Amino acid sequence: MLIQLFILGILSENNYHPYFIKKLFTNIVDIDPSFKLSDGKLYYHFDSLEKKGYIKKIEVIHTENRPEKSVYAITDAGRAYMVELIYKTFDSINLANVQSLYIPILFLKYVDLKRVIGLLDQAIERESKRIDSIIEAGSHPSVKDVDHIQLIIRHADRQFNENLKWLQDIRDAIAEHI
């Protein structure tokens with residue numbers, strides 16, 4: 001989903017060939033090693049988006065002694081799907097996968113920021129309750145004195161609170177631009 005969102009977002013800016021988009025993806029998303037993009041995966045997503053009518057091939061560039069390059073453009077249906085993917089990513093966010101917001105954040109100019117803030121507010125409330133339930137579970141008498149469980153709970157608490165703060169920072173940064 002995130003690779004398709006990246007492809008659609010970049011094609012919303014201009015028409016490009018897949019290799020150029022792969023280079024952009026590698027340069028922009030390289031901060032998170034979990035985002036890997038092989039040539040096979042890239043072309044699979046291009047084919048899938050084209051079959052669904054979200055992108056279309058607009059030009060084939062032939063260069064001597066080089067493979068041909070197909071240039072793609074986003075369609076109106078592709079723009080609508082991109083917006084849907086952005087909202088879906090914000091709607092499904094949780095504190096264990098906040099990195100999945102890296103790509104949607106790049107394309108916020110295409111969506112209703114007030115709606116995104118609403119989705120973030122819901123996520124912040126939902127995930128705050130989740131942190132509280134983890135802390136509560138850790139204070140249960142059956143695990144309160146079990147060192148390795150407390151070690152895990154302390155780590156989860158620190159990590160989730162840091163991620164919660166980041167969600168709040170995103171929310172505040174978006175709110176400043178409305």
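Guide: Let us begin with secondary structure. Helices (H or I, at least four residues) and strands (E, at least two) are DSSP runs, numbered from the N terminus. In this structure, I93 sits in the loop between α4 and α5 (102-106). The model is a predicted one, in which local features need pLDDT of at least 70 and side-chain atom pairs count only at pLDDT 80 or more, while totals for chains, interfaces and linings use all residues. Residues are numbered from 1 along each chain as its sequence is written, and side-chain values use heavy atoms, with hydrogens and water left out.

Visitor: How is burial read, and is I93 buried or exposed?

Guide: Buried means under 20% relative accessible area, exposed over 50%, and partly exposed in between (1.4 Å probe, protein chains only). I93 has a relative accessible area of 1%, so this residue is buried.

Visitor: Which residues does I93 touch?

Guide: Contact means heavy atoms within 4.5 Å. Not counting residues up to four places away in sequence, I93 touches V98, S100, L101, A123, R126, E127 and L167.

Visitor: Which side chain is joined to that of E127 by a polar contact?

Guide: A polar contact is a pair of N or O atoms within 3.5 Å; within protein, one must be able to donate a hydrogen and the other to accept it, and residues adjacent in sequence count only if both atoms are side-chain atoms. Here the side chains of E127 and R130 are joined by such a contact, of 3.0 Å.

Visitor: What is the accessibility of D121?

Guide: D121, also found in helix α6, has a relative accessible area of 33% and is therefore partly exposed. Its C-alpha atom is 8.9 Å from that of L167, 46 residues apart along the chain.

Visitor: How is a nonpolar core read, and which residues touch the most other members of the largest one?

Guide: A nonpolar core is a set of buried Ala, Val, Leu, Ile, Met, Phe, Trp, Tyr and Cys residues joined through side-chain atoms within 4.5 Å. The largest core has 45 residues, of which I7, L8, L11, F46, F90, V116 and L167 touch the most other members. At least two residues of this core come from each of α1 (2-13), α2 (18-29), α3 (39-51), β2 (69-74), α4 (76-91), α6 (113-138) and α7 (147-176). The most are given by α1, with eight residues. As for I7, this residue touches I21, L42, H45, F46 and L49, not counting residues up to four places away in sequence.

Visitor: Let us turn to the strands. Is V71 buried or exposed?

Guide: V71 lies in strand β2 and is buried, since its relative accessible area is 7%. Leaving aside neighbours within four places in sequence, V71 is in contact with N15, Y16, H17, K56, K57, I58, E59 and I61. Between V71 and V60, eleven residues apart along the chain, the C-alpha separation is 6.1 Å.

Visitor: Where does K56 lie?

Guide: K56 belongs to strand β1 (residues 55-61). A relative accessible area of 45% makes K56 partly exposed. Beyond four places in sequence, K56 is in contact with V71, Y72, A73 and T75.

Visitor: Finally, how is a pocket read, and which residues line the largest one?

Guide: On a 1 Å grid over the protein atoms alone, a pocket is an open set of points where a 1.4 Å probe fits, with protein on both sides within 12 Å along at least five of seven lines; lining residues have an atom within 4 Å of a point. The largest pocket is lined by H17, P18, Y19, Y43, R66, P67, E68, K69, S70 and Y72. The most lining residues, three, come from β2.
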